[in-house]
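Biologist: I've just opened this one for the first time. Can you walk me through how it's put together?

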Amino acid sequence: MGAIRSVEGGPLRRTARGAGRVLRAPFAAAARGVRRATHAHGAGESGLGKLIELHAVNSAGDMLITVALASTVFFSVPTDQARGRVALYLAVTMAPFTLLAPVIGPLLDRLPHGRRAAMAGAMLTRALLALTMSGAVASGGLELYPAALGVLVASKAYGVVRSAVVPRLLPPRISLVKANSRVTLGGLLATGVAAPLGAGLHRLGPEYPLYGAFVVFVLGTVLSFSLPHKVDSAKGEARARLVSGEHLPGRPRRPRTAKSATSIRGGWNGRIGRNGKNGRNGRNGKNGNKKSRQPRPPGLRTVGSSVLHALQANSAMRMLSGFLTFFLAFLLRVHPLGGLSPAFSLGVVAVAAGAGNALGTAIGALLRSRGPEKTIALVLTMSLGATVAAAVFYGALFVVVVAAVAGISQALGKQSLDSLIQRDVPEEVRTSAFARSETLLQMCWVVGGAVGIVLPLNGTLGMAVAATVLALGAATAVRGLLSAARRGSAHPRVA
């Protein structure tokens, strides 16, 4: 009887195994394709491929939480009530974040040896908060908003650390701007996959996207520790300041006093002891070099004007992004695009913005940019032109065009800023510079969103306000960027 069962069971087992292989084959092939793409051109050996995969997981989790919050705060109630809820969301989450944002960069900058742990902590925090929100998302109670604040802060903390990590994982054949393009593109693709998945989970119940986010962020917590150990290395790094008290190019040095000269010589060369006593060789002087003043790290302003003007331009474009996110969300719900439903109008604009962002990221990854200053000036001018045209000829077509141009401009502008930081900021403060610049840009997004929520729902007025913000950015940044491009740089440019 045992032989008969073995004979009968053998073909069944083989059939089951064959069916399993057939079912697994598409997923395995897709996984191998993703792995080849993320690990190409030396990214696998340097660890950049693992960061791209980690960022994809992060973006997917954030999208699942966004779907859950948007359905609760925005879509499930009438327009007037939705505007009040979103205003409350801004007040409870983004206003405190505006105060916390200046702290995130410097705080993480003091923890260079714990970057992997910081990224894992940001992932685990969001996983736990997703479970917390799952109990409140159905009722939309006030307890939802403190949890949303925690998710926002953890997400931005991860973004700051990720920007600081990228320079540590650069392969020899990939420049920083291309590396950031790959990381961003991986996140965009994951967002595109997670959005319909979140919508499907929401049909099961408003809490199910948050359950999915919990699983995704737990996976991200594990993947954070798979990054190379060199991510936690702070060798050769120092903190950067956006505003420096040091001398600027073209500005005369302040004369040294006798006291400061004594301190500096004692600190740098060890020739004079503290207070100049017994100090010719500094070895027997009072306190010697033990308490001598250390040289201050260079600030971003000491490397020229390109980085500062690029930050000004990117700040204006990031404000535009935050403004359009909230202003168009309410405007199109009340005044949808011609002949379309409110939901479909919002979908069209969201797709246009996402496609523009992906296109800008792809352009940055494919082109060998030799003039990041000119690129930033060009995309800022393009955004200004699009918003002016939308203010004068407001209509469905121009709303879609503004959303697409804003997406392209933000992607290319940020990549060009990364290129300038790599080119002009000294290596010992470059990692810190990424953290500080990312924090500033996130704050600008918050300000733009706040402006968008308080404006009357008038399309022409909104586009005029957006054009004014970009005009101020162009007035402060474009001339300086073009002048810096004409002067060139003593540093080698990057591809």
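This is a predicted model: local features need pLDDT of at least 70, side-chain atom pairs count only at pLDDT 80 or more; totals for chains, interfaces and linings use all residues.

Biologist: Which residues in H10 and H12 meet?

Modeller: From H10 you have Ser-306, Ala-310, Ala-313, Asn-314, Ala-316, Met-317 and Leu-320. On the H12 side they meet Glu-373, Ile-376, Val-379, Leu-380, Ser-383 and Thr-387. By type, the residues of this H10 and H12 contact split into 8 nonpolar, 4 polar and 1 charged.

Biologist: And how do H10 and H15 cross?

Modeller: The axes of H10 and helix H15 (residues 459-487) come within 8 Å and cross at roughly 170°. That angle is over 145 degrees, so H10 is roughly antiparallel to H15.

Biologist: How many nonpolar, polar and charged residues are in the contact of H10 with H15?

Modeller: The contact of H10 with H15 has 19 nonpolar residues and 8 polar ones, with no charged residues.

Biologist: Let me zoom out for a second. How many helices and strands are there in the protein?

Modeller: The protein has 15 helices and 0 strands.

Biologist: What percentage of the residues is buried?

Modeller: Of the 495 residues in the protein, 49% are buried. As for the surface, the protein exposes about 23,700 Å², and carbon and sulfur atoms supply 64% of that.

Biologist: What share of the contacts comes from residues 24 or more positions apart?

Modeller: If you take the contacts with a separation of 6 or more, residues 24 or more positions apart account for 83% of them.

Biologist: Back to helix pairs. At what angle do H7 and H13 pack?

Modeller: Helix H7 (residues 176-204) and helix H13 (residues 396-424) pack at about 145°, with axes 8 Å apart. H7 passes H13 in a right-handed crossing.

Biologist: Which residues make that contact?

Modeller: H7 brings Leu-176, Val-177, Asn-180 and Ser-181, while H13 brings Gln-415, Ser-416, Asp-418, Ser-419 and Gln-422. The residues of the contact of H7 with H13 divide into 2 nonpolar, 6 polar and 1 charged.

Biologist: Take Gln-415, then. Buried or exposed?

Modeller: Gln-415 has a relative accessible area of 4%, and the cut-off for buried is under 20%, so Gln-415 counts as buried. Leaving aside neighbours within four places in sequence, Gln-415 is in contact with Val-177, Ser-181, Gly-360, Thr-361, Gly-364 and Ala-365.

Biologist: And what does Ser-416 touch?

Modeller: Not counting residues up to four places away in sequence, Ser-416 touches Val-177, Pro-372, Thr-375 and Ile-376. Ser-416 lies in helix H13 and is buried, with a relative accessible area of 5%.

Biologist: One last residue. Where is Asp-424 found?

Modeller: Asp-424 is found in helix H13. Asp-424 is buried too, at a relative accessible area of 4%. The C-alpha atoms of Asp-424 and Val-307 are separated by 7.5 Å, although the two residues are 117 residues apart along the chain.

Technical notes: Residues are numbered from 1 along each chain as its sequence is written. Side-chain values use heavy atoms; hydrogens and water are left out. Contact means heavy atoms within 4.5 Å. Helices (H or I, at least four residues) and strands (E, at least two) are DSSP runs, numbered from the N terminus. Ala, Val, Leu, Ile, Met, Phe, Trp, Tyr, Cys and Pro count as nonpolar, Asp, Glu, Lys and Arg as charged, and the others, Gly among them, as polar. Axes are lines fitted to C-alpha atoms, for helices over the stretch in contact, and angles run from 0 to 180 degrees between N-to-C directions. A crossing is left-handed if the near helix is turned anticlockwise from the far one by less than a right angle, and right-handed if clockwise. Buried means under 20% relative accessible area, exposed over 50%, partly exposed in between (1.4 Å probe, protein chains only). Accessible areas come from the Shrake-Rupley method with a 1.4 Å probe; for residues, only the protein chains shown count as cover. Angles under 35 degrees count as roughly parallel, over 145 as roughly antiparallel, 65 to 115 as roughly perpendicular and the rest as oblique.
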